[in-house]
Amino acid sequence: MSARSDAPARRAVPGNPEPEWHVGGLAFGCTQCGNCCTGPPGAVWFSEAEGRAMAADRGLSEVDFLARFARTIDGRWSLNETRTEHGFDCVFLDRKAIPGKAICGMYHARPLQCRTWPFWPEILKSKRSWESYRRQTPCPGMGSGAMVPIESIRIQRDAMIDSERPT
Ligand code: SF4
Ligand code: SF4
């Protein structure tokens with residue numbers, strides 16, 4: 001038997017002294033249930049650049065886009081929510097386009113936090129945290145579907161860490 005392992009080395013994560021428990025990758029396959037885009041009142045943060053991209057996607061000026069679809073919370077921009085029977089839906093959650101599905105109506109210009117879910121640092125902190133988010137969202141895609149390799153997970157996780165760094 002060889003002591004050699006093909007598994008990538010675990011890498012330290014800023015703010016998390018635990019090694020990467022998910023170094024072997026994580027299974028994920030979105031079912032388009034929309035659960036991560038609704039729930040109790042929350043925030044969908046976006047940067048100024050993302051605001052401009054979303055405005056362009058809608059064919060609106062940035063000012064008009066912000067006035068119609070966004071608000072500030074503690075000085076940061078967040079997308080608005082719409083109260084529905086499911087909870088507080090993101091203003092761009094579309095429950096009508098595909099029967100039985102809830103899809104993102106801003107998919108191609110959606111903010112980083114949407115593009116990187118569920119590979120956020122706080123979710124990846126521990127297996128327990130991953131399981132907790134999976135159950136509480138609930139996100140049927142976490143733990144099912146294709147295996148996402150550690151390299152891809154790191155890119156998404158680190159992008160979130162960088163976005164939260166003070167400038
Ligand atoms: S909760 Fe999970 S499965 Fe449902 S839309 Fe969000 S990522 Fe996809
Ligand atoms: S922008 Fe799209 S992916 Fe992000 S919360 Fe809204 S509907 Fe969901």
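**Ligand 1**

I listed Cys-30, Thr-31, Gln-32, Cys-33, Gly-34, Asn-35, Cys-36, Trp-117, Thr-137, Cys-139, Pro-140 and Gly-141. By class, this shell holds 6 nonpolar, 6 polar and no charged residues. For the classes I took Ala, Val, Leu, Ile, Met, Phe, Trp, Tyr, Cys and Pro as nonpolar, Asp, Glu, Lys and Arg as charged, and the others, Gly among them, as polar.

**Ground rules**

This is a predicted model: local features need pLDDT of at least 70, side-chain atom pairs count only at pLDDT 80 or more, and totals for chains, interfaces and linings use all residues. Residues are numbered from 1 along each chain as its sequence is written, while chains are lettered from A and ligands numbered from 1 in the order in which they are written.

I checked pLDDT next, the predictor's confidence in each residue, from 0 to 100. The chain has a mean of 92, and 88% of its residues reach 70 or more. Over residues 1-5 pLDDT stays under 50, and there the model has 0 contacts beyond four places in sequence. A contact means two C-beta atoms, placed from the backbone, within 7 Å.

I went back to Gln-32, one of the residues around ligand 1. Gln-32 sits in the loop between β1 (26-28) and α1. Its phi is near 60 degrees, positive although the residue is not glycine. Gln-32 is partly exposed, because 13 other C-beta atoms lie within 10 Å. The cut-offs: buried is 20 or more other C-beta atoms within 10 Å of the residue's own, exposed is 12 or fewer, partly exposed is in between, with C-beta atoms placed from the backbone.

Trp-117 and Thr-137 also belong to the shell of ligand 1. I looked at the peptide bond after each. From Trp-117 to Pro-118 the bond is cis, with omega near 0 degrees. From Thr-137 to Pro-138 the bond is cis, with omega near -25 degrees. Pro-118 lies in the loop between α3 and α4. Pro-138 lies in the loop between α5 (127-136) and β8 (142-148).

Which residues surround ligand 2? I noted Cys-37, Val-44, Leu-79, Cys-90, Phe-92, Leu-93, Cys-104, Met-106, Arg-110 and Cys-114. This shell has 9 nonpolar, no polar and 1 charged residues.

I then looked up the largest nonpolar core, which has 23 residues. Such a core is a set of buried Ala, Val, Leu, Ile, Met, Phe, Trp, Tyr and Cys residues joined through C-beta atoms within 7 Å. Cys-37, Val-44, Leu-79, Cys-90, Phe-92 and Leu-93 have the most contacts inside the core. At least two core residues come from each of α1 (48-58), α4 (121-124) and α6 (150-163). In soluble globular proteins, nonpolar side chains tend to be buried together. I followed Phe-92: not counting residues up to four places away in sequence, Phe-92 touches Leu-79, Cys-104, Gly-105 and Met-106.

**Layout and α1**

I counted 6 helices and 8 strands. Helices (H or I, at least four residues) and strands (E, at least two) are DSSP runs, numbered from the N terminus. The order along the sequence is β-α-α-β-β-β-β-β-β-α-α-α-β-α. Of 167 residues, 20% count as buried.

In α1 the buried residues are Glu-50, Met-54 and Ala-55. They lie on the same side of α1, because they cover an arc of only 140 degrees around the axis. The arc is that of the directions from the helix axis to the C-beta atoms. Turned away from that buried side, the exposed residues are Glu-48 and Ala-49. The cover over the buried residues of α1 includes α2 (62-69) and α3 (112-116). Just after α1, Gly-59 takes a positive phi of about 70 degrees.

**Two last checks**

Is Asp-74 buried or exposed? Asp-74 counts as exposed, because 6 C-beta neighbours lie inside 10 Å. Its phi is near 50 degrees, again positive in a residue other than glycine. Asp-74 lies in the loop between β2 (70-73) and β3 (76-79).

Tyr-107 is in the loop between β7 (103-104) and α3. Tyr-107 and Met-54 are 53 residues apart along the chain, with their C-alpha atoms separated by 9.6 Å.

Key. Near = placed C-beta within 6 Å.
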